[in-house]
Amino acid sequence: MHAPMNRETVMSRARDDPEPILLTIFSALGREAEIPRLLTMFSESERARFSQHHGRENAVVTRATLRQVLSSLLRTEPGGIVIENDAHGRPRAVARRRVEFSVTHTAHVGAIIATTGRLALGIDLEWRGRVKPWTDDAVARMARRCLTTDERTEFDTLRDDEKRNAFLRAWTRKEAFLKALGTGLTTPMRHVHLGLGDIPDLRQLPAPAQGWAWRLLDLDVRHTPAACEPAGDTAVPRDFLGAIAVGLPRGRTGGLAEPEADITVRLTIDAPGFEVSVTDSGSR
Ligand SMILES: CC(C)(COP(=O)(O)OP(=O)(O)OC[C@H]1O[C@@H](n2cnc3c(N)ncnc32)[C@H](O)[C@@H]1OP(=O)(O)O)[C@@H](O)C(=O)NCCC(=O)NCCS
């Protein structure tokens, strides 16, 4: 039986602890034998879809973990939850109780954020090694495709060795944000200015984002090989970075300056060998 390894509160600035955001990090490594059992909690359409999914194992583990997380929030059997995709492909639970969530999976790792609070949530996680083989030309091309004009001016001042990391950080922040908005990449990334610095720049958000007070948190995930794995196995991705976007309805901040809006993120690491940090650098 797969059980959560640990649970801790990574950030608590809430005065009355409003509904927390649950962040669950997990891995599909070594879970091949569980797949048939996990598939039994899926709907027919999920079974059809996930059996053809690229990176199938992690997609199945992710959907099963999502069902378990939703089950604890909705107090319903994991297999009894109806999940539908909207026109932009965003999954939503059809339930009597409000539940918001966002999902990401990359290589063998997945992450889910979920809450019963009235929040907009988005999460993205990427393997750091993904951008390492990119040529300088490829980095420049992706920057032109994904960054705003002002972000590119900032990008051009960076050293070549800083550019890949800065690009990936910007990518994950934008993807998390666009998932929280629900449009995904149907909104071009180059239309979303978040800046490239440690402190996200939230002053020029697109119109659909303006009814919300936004927080962008950075996520760093490191996976250490288990004792039985060859320590130098470079084939398994180990280092990931990502972002979490949280939108609070403006009325709820009660006149507080936006960076002071209260949120609590509770972290569950559901696999051995993970170190996870969530960084809130505030915003401009
Ligand atoms: C949402 C989107 C941004 C997916 O991104 P991705 O990096 O491929 O995948 P992730 O694992 O981070 O996220 C996938 C999850 O996002 C969720 N999702 C899909 N569409 C969504 C939307 N419109 N809004 C919010 N969430 C969405 C789903 O839960 C999906 O997982 P599931 O199908 O297993 O449930 C997608 O709209 C898209 O267009 N992807 C293209 C990715 C791309 O071009 N990548 C190049 C990177 S350099």
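A residue is near a molecule or strand if its C-beta atom, placed from the backbone, lies within 6 Å of it.

## Model and numbering

This is a predicted model, in which local features need pLDDT of at least 70, side-chain atom pairs count only at pLDDT 80 or more, and totals for chains, interfaces and linings use all residues. Residues are numbered from 1 along each chain as its sequence is written.

## Ligand shell

By that 6 Å criterion, 19 residues surround the ligand. His88, Gly89, Arg90, Gly184 and Leu185 are the closest. The shell holds four nonpolar, 10 polar and five charged residues. Here Ala, Val, Leu, Ile, Met, Phe, Trp, Tyr, Cys and Pro count as nonpolar, Asp, Glu, Lys and Arg as charged, and the others, Gly among them, as polar.

Three elements, α3, β5 and α6 (160-181), each supply at least two residues of this shell. β5 gives the most, with five residues.

## Fold and packing

The chain has six helices and 11 strands. Both are DSSP runs numbered from the N terminus: helices are H or I with at least four residues, strands are E with at least two.

Of the 284 residues, 38% are buried. Buried means 20 or more other C-beta atoms within 10 Å of the residue's own; exposed means 12 or fewer; partly exposed lies in between; C-beta atoms are placed from the backbone. Contacts are pairs of residues whose C-beta atoms, placed from the backbone, lie within 7 Å. Among contacts with a separation of 6 or more, 69% join residues 24 or more positions apart.

## Two positive phi angles

Arginine 75 is not a glycine, yet its phi is positive, about 50°. It sits in the loop between α3 (56-74) and β3 (82-85). Arginine 75 counts as exposed because it has 7 C-beta neighbours inside 10 Å.

Alanine 107 also has a positive phi of about 50° without being a glycine. Its place is the loop between β5 (100-106) and β6 (109-115). With 20 other C-beta atoms within 10 Å, alanine 107 is buried.

## Confidence

pLDDT is the predictor's confidence in each residue, from 0 to 100. The chain averages 87, and 86% of the residues score at least 70. Over residues 1-10 the pLDDT is below 50; this stretch has 15 contacts in the model beyond near neighbours in sequence. Residues 12-16 also have pLDDT below 50, with six contacts beyond near neighbours in sequence.

Key. Two residues are in contact if their C-beta atoms, placed from the backbone, lie within 7 Å.
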